Amino acid sequence: MTIRMNKLSALAVGRAREPGYYGDGGGLVLQVSGAGARSWLFRYSVAGRRHEMGLGSCLAVDLVEARKKARQCRLLLSEGRDPLAVRRQQ
């Protein structure tokens, strides 16, 4: 089974106004709050526990940069490291 990546387009991100979560694939999620604020999250699980890591606001982080950050997180996970723990150490 393959994981579909890059489901969102820059236009779709700009038009997202309905509160909720919009998945881009590979753990990258666009979160739209009730007030209309948009931010990026990386969702993953370690040792059976789910985690969400904020990647930044859509005002500061565009779709391309969010995908780069999510890729870095996936690389850390493939090395057996927790992205949140790595961020806290820095």
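**Entry 1. Conventions**

I take buried to mean under 20% relative accessible area, exposed over 50%, and partly exposed in between, with a 1.4 Å probe and protein chains only. I note that this is a predicted model, in which local features need pLDDT of at least 70 and side-chain atom pairs count only at pLDDT 80 or more, whereas totals for chains, interfaces and linings use all residues. Residues are numbered from 1 along each chain as its sequence is written, and side-chain values use heavy atoms, with hydrogens and water left out.

**Entry 2. Positive phi**

I looked up residues other than glycine with a positive phi. Most residues other than glycine have a negative phi. Asn-6 is not a glycine, yet its phi is positive, at about 55°. I find Asn-6 in the segment before α1 (10-15); helices (H or I, at least four residues) and strands (E, at least two) are DSSP runs, numbered from the N terminus. Asn-6 is partly exposed, at 47% relative accessibility.

Ala-47 also has a positive phi, near 55°. I place Ala-47 in the loop between β3 (38-46) and β4 (49-57). With a relative accessible area of 80%, Ala-47 is exposed.

**Entry 3. Overall fold**

I count three helices and four strands in the protein chain. Read from the N terminus, the order of elements is α-β-β-β-β-α-α. The radius of gyration is 13 Å, close to the 12 Å that the globule rule gives for 90 residues, so the chain is as compact as a globular protein of that length. Here the radius is taken over C-alpha atoms, and the globule rule is 2.2 Å times the number of residues to the power 0.38.

Along its principal axes, the C-alpha trace spans about 35 × 30 × 25 Å. Of the 90 residues, 31% count as buried. The chain exposes about 6000 Å², and carbon and sulfur atoms supply 51% of this area. Accessible areas come from the Shrake-Rupley method with a 1.4 Å probe; for residues, only the protein chains shown count as cover.

I also looked up contacts (heavy atoms within 4.5 Å). Among those between residues at least 6 apart in sequence, 29% join residues at least 24 apart.

**Entry 4. Nonpolar core**

I define a nonpolar core as a set of buried Ala, Val, Leu, Ile, Met, Phe, Trp, Tyr and Cys residues joined through side-chain atoms within 4.5 Å. Which members of the largest core touch the most other members? They are Val-13, Leu-28, Leu-30, Trp-40, Phe-42, Met-53 and Leu-55, out of 18 residues. Two or more residues each come from β2 (28-32), β3, β4 and α2 (63-78). The largest share, four residues, is given by α2.

I then examined Leu-28, leaving aside its neighbours within four places in sequence. Its contacts are Tyr-22, Gly-23, Trp-40, Leu-41, Phe-42, Leu-55, Ala-66, Arg-67 and Ala-70.

**Entry 5. Salt bridges**

I find three salt bridges in the structure, each a side-chain nitrogen of Lys or Arg within 4 Å of a carboxyl oxygen of Asp or Glu.

Arg-67, listed above as a contact of Leu-28, pairs with Asp-24, with the closest N and O atoms 2.9 Å apart. This pair links distant parts of the chain, with Arg-67 in helix α2 and Asp-24 in strand β1 (residues 20-25), 43 residues apart. Arg-67 is partly exposed at 23% relative accessibility, whereas Asp-24 is buried at 2%.

Glu-52 and Arg-43 meet in a salt bridge at 2.9 Å, N to O. Glu-52 is partly exposed, with a relative accessible area of 40%, and Arg-43 is partly exposed at 25%.

For Arg-81 and Glu-79, the closest N and O atoms are 3.4 Å apart. Arg-81 is partly exposed, with a relative accessible area of 40%; Glu-79 counts as exposed at 53%.

**Entry 6. Cysteines**

How many disulfides does the structure have? A disulfide is a pair of cysteine sulfur atoms within 2.5 Å, and by this rule I count zero. Cys-58 is in no disulfide, and the nearest cysteine sulfur, that of Cys-73, is 16 Å away. Cys-73 is likewise in no disulfide. I record Cys-58 as buried, at 16% relative accessibility. Cys-73 is also buried, with a relative accessible area of 5%.
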